[in-house]
Amino acid sequence: MKKLGALFLTCLLSGCAVDQVVSGEEAFRAGQYDQAAAHWNPPAYAGDLRAQYYLGMLWDNGYGSTPVNASEAAEWYSRAARQGHVDAMVGLSRIQLRSGYRDEAVSWLVLAARNGNGEAVYKLQELGLPVPPQDLYQQRMVDDAHLRRQQEIATQQAVEAAEELGAALGGLK
């Protein structure tokens, strides 16, 4: 019983709720595009950049009952790109290039290339433009390593707190 209480508390503290974005990814891989969209809509509207990118992809390609709509795709890609989602930057730039907004597209491609995106690098080269260094990519790798370490520490602290609480609750019998 103590372990069950500790496990429950650990899940509560670390957010073990089923991730809607991951559920949407699983549905998408299974070809259940409308189900994927249903999973992605709530977190996308709540500001989740992954879900926003995926909705952009649905609108861009017309998966399931979602019709192709470049305007909707651009809106969702833009929301995710403004939060730093590199693939969304590239998706948005593709729409902008098709729509004749070359300068805006190049701005997103440069930013994506600086973040290490190969498609952006290729597209800049194809357009005959200089490719910037991957300076943001290198900084992001350092930041990600730091964030992973902080998450590990927080998870360990949550487990320890849950175990202590479980032990305290067990002593109340």
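**Entry 1: α4 against α5.** I began with the handedness here, and the crossing of α4 and α5 is left-handed. This is a predicted model, so every number I note is computed from it. The two helices, α4 being residues 49–61, pack at an angle of about 160 degrees, with their axes 7 Å apart. Angles over 145 degrees count as roughly antiparallel, so α4 and α5 go down as roughly antiparallel to each other. I then listed who touches whom. From α4 the contact takes in Leu49, Gln52, Tyr53, Leu55, Gly56, Met57, Trp59 and Asp60. On the α5 side I wrote down Glu72, Ala73, Trp76, Tyr77, Arg79 and Ala80.

**Entry 2: the whole chain.** Time to step back. I count nine helices and zero strands in the protein chain, so the pattern along the sequence reads α-α-α-α-α-α-α-α-α. The chain has 173 residues, and 33% of them count as buried. I also looked up contacts with a separation of 6 or more: 39% of those in the protein chain come from residues 24 or more positions apart.

**Entry 3: α6.** This helix has 13 residues and reaches 19 Å from first C-alpha to last, close to the 18 Å expected at 1.5 Å a residue. Which of its residues are buried? I get Val86, Ala88, Met89, Val90, Gly91, Leu92, Ser93, Ile95 and Gln96. After α6 comes glycine 100, with a positive phi near 90 degrees.

I stopped at glycine 91, which lies in α6. Its relative accessibility is 0%, so glycine 91 counts as buried. I also checked a distance: its C-alpha is separated by 8.4 Å from that of aspartate 60, 31 residues apart along the chain. Aspartate 60 is already in my notes, as one of the α4 residues in the contact with α5.

**Entry 4: α7.** Next up, residues 102–114. α7 has 13 residues and reaches 18 Å from its first C-alpha to its last, close to the 18 Å expected at 1.5 Å a residue. Buried here are Ala105, Val106, Trp108, Leu109, Ala112 and Ala113. α7 is followed by glycine 116, whose phi is positive, near 90 degrees.

**Entry 5: α6 against α7.** How do these two cross? Their axes come within 8 Å, at roughly 160 degrees. That makes α6 roughly antiparallel to α7. The crossing of α6 and α7 is left-handed. α6 makes the contact with Val86, Met89, Val90, Leu92, Ser93, Gln96 and Leu97. α7 brings Arg102, Glu104, Ala105, Trp108, Leu109, Leu111 and Ala112 to it. Among these, I had Ala105, Trp108, Leu109 and Ala112 down as buried in α7.

**Entry 6: asparagine 41.** Asparagine 41 has its place in helix α3, residues 33–45. Buried or partly exposed? At 28% relative accessibility, I log asparagine 41 as partly exposed.

Terms used:
Residues are numbered from 1 along each chain as its sequence is written. This is a predicted model: local features need pLDDT of at least 70, side-chain atom pairs count only at pLDDT 80 or more; totals for chains, interfaces and linings use all residues. Side-chain values use heavy atoms; hydrogens and water are left out. Helices (H or I, at least four residues) and strands (E, at least two) are DSSP runs, numbered from the N terminus. The expected span of a helix is 1.5 Å times one less than its number of residues. Buried means under 20% relative accessible area, exposed over 50%, partly exposed in between (1.4 Å probe, protein chains only). Axes are lines fitted to C-alpha atoms, for helices over the stretch in contact, and angles run from 0 to 180 degrees between N-to-C directions. Angles under 35 degrees count as roughly parallel, over 145 as roughly antiparallel, 65 to 115 as roughly perpendicular and the rest as oblique. A crossing is left-handed if the near helix is turned anticlockwise from the far one by less than a right angle, and right-handed if clockwise. Contact means heavy atoms within 4.5 Å.
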